[in-house]
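Hi,

Have a look at the structure first and then read on.

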Amino acid sequence: MEWLTPLVAPFIVLNAIIGIVTYVTLLERKFAARMQSRVGPYRVGPHGLLQPIADAIKLMMKEDVVPTAVDRPVYNLAPIVFLVPCMLIFATIPFAPGLGVADLNIGILFFLAVSAMEIVGLFMAGWGSNNKYALLSAMRAVNQVISYDLPFIFSALVPVLLAGSLRLSDIAAAQAGLWFVFYPVVGQLAFIAFIVSTVAAENRAPFDILEAESELVAGFRVEYSGMKFAIIQLAEYAHVVGASFLGALLFLGAWAGPGPEWLGPGWFLLKAMFVFLLVTWVRWSFVRIRVDQILALSWKVLLPATLVLLIAAAIVVVWRGTPGV
Amino acid sequence: MSTAAPATRVDLEYTGSERLTMNMGPQHPSAHGVFRAILTLEGEQVVGIDTVIGYLHRCHEKLAETLTYAQYPSIASKTDYVAAMTSEFAYVRAAETIGKIEVPKRGQYLRVLAAELQRVASHLLWLGTWCLDMGGALGGGATIFLYCIRERELILDLFESLVGARLLYGFYQVGGVRYDLPPLWADTCRRTVDLIDQRIGEYERMLEDNPFFLARTQGVGVVSRELAQEVGISGPLVRGSGVAYDLRRTEPYSSYEDFDFRVPVEPGGDCFARYRVRMVEFRESLRIVRQVLDGLPEGPISSRPGLKSVAQVRIPKGEAYARVEGARGEVGCYLVADGSAKPYRMKWRGASFSNLAILPHVIPGHKVADVVAIMGSVDPVFGEVDR
Amino acid sequence: MTSDQARTLIAERFPGAQTAGDAPMAVTVPVDAWARFARFAKETLGCWFFSFLTAVDWKDEGLEVVAKIDNVDERLSLLVKARLGPGASACPSLSGVYRGAIWMERECYDMFGIRFEGHPDLRRILLGDDWEGYPLLKSYPMDAPHPPFR
């Protein structure tokens, strides 16, 4: 039965992630509704608890409209190409000590590399749709994702320096004494930079210029409907949830928390949802900024700041002699 | 609705980059109705714009020639359906000017009351939709939008208990107004006004302490004083360009001279200046409402009580142009009467029509994202543009 | 500038013009002086605010063009009119004087068929390009269906 393990673990994780991602949409909608003095989904199930399932069923049953002028192979492939990296990022995340698909010794590198690949799917969707809005959106996507992946990576590398390992479980274990978010100065600044670049790299408002429904209608997914649209949505949310897990792991001590050890994954999930709600909170309180302003913010502010932060972290580590807290 | 080859398209110098023609509208999330802007883009930069209007044309001017002076006011509200009170106001004033019909003092005060509440409601809808344009339906803009709608609802409730309708009222009639205040209405109105006053302060803090909002509005869509004067824009737009032009002050009508209020003027000319003007106008309108409620005289509300038959309004031969300061600027009605029961000719001067004409002069040179911000700051209502 | 001063100035410069009333003062000018008068009103009388431009169809007497301009600062308000004459439909354009006239004249052309000479972009604005006839003319039948919505 040994040969089954590499199959069973991904299967369980994949399904758990899809479940979490589905319900994260409900969480966001309820949270946003409260911010806007609304109730949010309420009719399907108690307190709207079955709403995500109803949405999923609706999207699956919808007609799949394919415009005649699209570049069919690219158009049809784009949602899958978009989804795969967004799901793959969960592969290296340990949900508890020893509980994960693959605890690679270069875990974080794998995460960042795969996460940056979503841009391929995005651009395919925008290009293949043969729509001017989608094309503009795809152009913006390339600009933005490339600009913000750098600060995202640099801020994620600060905990790596502090822990002295690229393996995600090592980074989590290194925070047993002190969560990196409480690490004096460097930790807090890195966390802030991480949140900002997460919001931007995940294309969430106020950085959602590639969706920008008030100018580009819905950007790269304007021509998608039905299940393909659902896949794109799923992938986007999966990416955000993945980044939230990474944030909880890098800065908030992962599974550390009071209570017995088997509560670890629960704590981890709770912290990830905390990061997710931070991102959501930003999303529902700011207006969108312009593409040139977004790029200026990245290259002129965030990138130099995270670089300085990284050097500062390196100096701290050298000065203390050993990595780790 | 003409789409023939545009000749007045304002183009910047051609720099040799590849150009893209993009349609914004007529079905577009931020078209504020049905408006089509044919943009010529160089990357993200707009280098040319042609505007197409007329999708909502309902022949109001021809229609007015077939309806009597008693009938048309309730149709007039359909020109600017966001601020229906002010368009009725302009029409009845024009008819009264030709017919030399007096309006009792209480009627005049009630007219002011309705017009100012309407201005607040209209500005609330503007603030919400403008932020929606900039912030997106799935972002911070939607938050402001829902807050504003919540407050606008309170004013619509007031109108509902006053008139019985929520959007198109038929409150004004030649000679006065149609309904008097119901019992306890004034108290409800005072409470609502206080609440809205407080809430507007909250929005102001939420927006002006927000660097992203400032980045999107400051220095964007600058309308210079000279351009503003030449195109003939009015209302908050022209006041945002440093011109103190407010009809309530320059030619007071309907007892506006009795009230103490300030006309806000901002010299900036950008979207932020227009926003500031409207934010001050909110407060000033609420102040006028309070003053009306405090000083409401007793007496009849109309010199033509229970206006039902055509014979009650006799308009002699003549012509008049009457204008009121609507939420979007000068709403005017040019009426030519030939002595019969119906006007010979009626011309609507919609504030949005003239205000929208500024777009081709302002937009080239801006980014695509600024187009919606500028258009939102102009606050067009297409019922009034196309009439 | 009071309306009396304005009246004197107008009488000096435009002997053919008739003035009547106050606030707004109605000024009837010959159609060939139409654009000249607008420039004079803007530069000499200080009427910078262009309110609207439209026309009235006086059936057999022909079309009359009406424009409303204001000197907001000194509260001088002019309603300028010009008769085009029976059967005529040509009028000088004000678009060189007031940029706000561009759309107003397009609308006037759309509704009355008046050809504004010197207008940079005279095409229909509210109705479709394929619309036949000019709806605000009194001769436009109201009870018959019209192309293109026959």
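**How the chains meet**

Chain C and chain B bury about 4000 Å² between them, with 58% of that area on carbon and sulfur atoms. Buried area here is the accessible area, taken with a 1.4 Å probe, that two parts lose on being put together, summed over both. On the chain C side, Arg99(C), Trp103(C) and Leu126(C) lose the most area to chain B, together 19% of what that side buries. In residues, 47 of chain C are in contact with 47 of chain B, where contact means heavy atoms within 4.5 Å.

Before you go further: this is a predicted model, in which local features need pLDDT of at least 70 and side-chain atom pairs count only at pLDDT 80 or more, while totals for chains, interfaces and linings use all residues. Residues are numbered from 1 along each chain as its sequence is written, chains are lettered from A and ligands numbered from 1 in the order in which they are written, and side-chain values use heavy atoms, with hydrogens and water left out.

Two pairs of chains touch, and the pair with the most contacts is B and C. Chains A and C do not touch: their nearest C-alpha atoms are 24 Å apart.

**Chain B: two domains**

Chain B splits into domain 1 (6-52) and domain 2 (60-386); the bounds come from an automatic or database domain assignment. Their C-alpha centres lie 29 Å apart. Domain 1 of chain B puts 18 residues into the contact and domain 2 of chain B puts in 17. Between these two domains about 1600 Å² is buried, and carbon and sulfur atoms give 71% of it.

A word on terms: helices (H or I, at least four residues) and strands (E, at least two) are DSSP runs, numbered from the N terminus. Two strands pair if DSSP finds at least two bridges between them.

One open sheet has three strands in the order β1-β2-β3 (chain B), paired antiparallel. Its edge strands are β1 (20-24) and β3 (45-52) of chain B, each pairing on one side only. From one strand to the next the twist averages 25°; for angles, axes are lines fitted to C-alpha atoms (for helices over the stretch in contact), and values run from 0 to 180 degrees between N-to-C directions. Strand β2 (residues 36-42) of chain B pairs with β3(B) over seven bridges in the antiparallel sense, and in β3(B) the bridge partner of Ile38(B) is Asp50(B). Chain A comes in here too: its helix α6 (residues 132-163) packs on the sheet and touches β1 and β2 of chain B, its direction making about 115° with that of β1(B).

The other open sheet runs β6-β7-β8 (chain B), three strands with antiparallel pairing. At its edges stand β6 (317-325) and β8 (343-349) of chain B, each with a single partner strand, so one side of each is left without a neighbour in the sheet. The twist here averages 10° from one strand to the next. Nine bridges join β6(B) to strand β7 (residues 330-338) of chain B in the antiparallel sense, and Ala322(B) stands opposite Cys333(B) in β7(B). Helix α3 (residues 84-99) of chain B packs on this sheet, touching β6, β7 and β8 of chain B; its direction makes about 145° with that of β6(B).

Strands β1 (residues 18-20) and β2 (residues 25-28) of chain C pair antiparallel over three bridges, with Ala20(C) opposite Ala26(C) in β2(C). They form a hairpin with four residues between them, and Gly21(C) in the turn has a positive phi of about 75°. β2(C) is also joined by four bridges to strand β5 (residues 76-85) of chain C, and these two run parallel. There, Thr28(C) stands opposite Lys81(C) in β5(C).

**Chain A: a helix crossing**

The axes of helix α1 (residues 5-35) and helix α9 (residues 226-251) of chain A come within 9 Å and cross at roughly 90°.

Cheers
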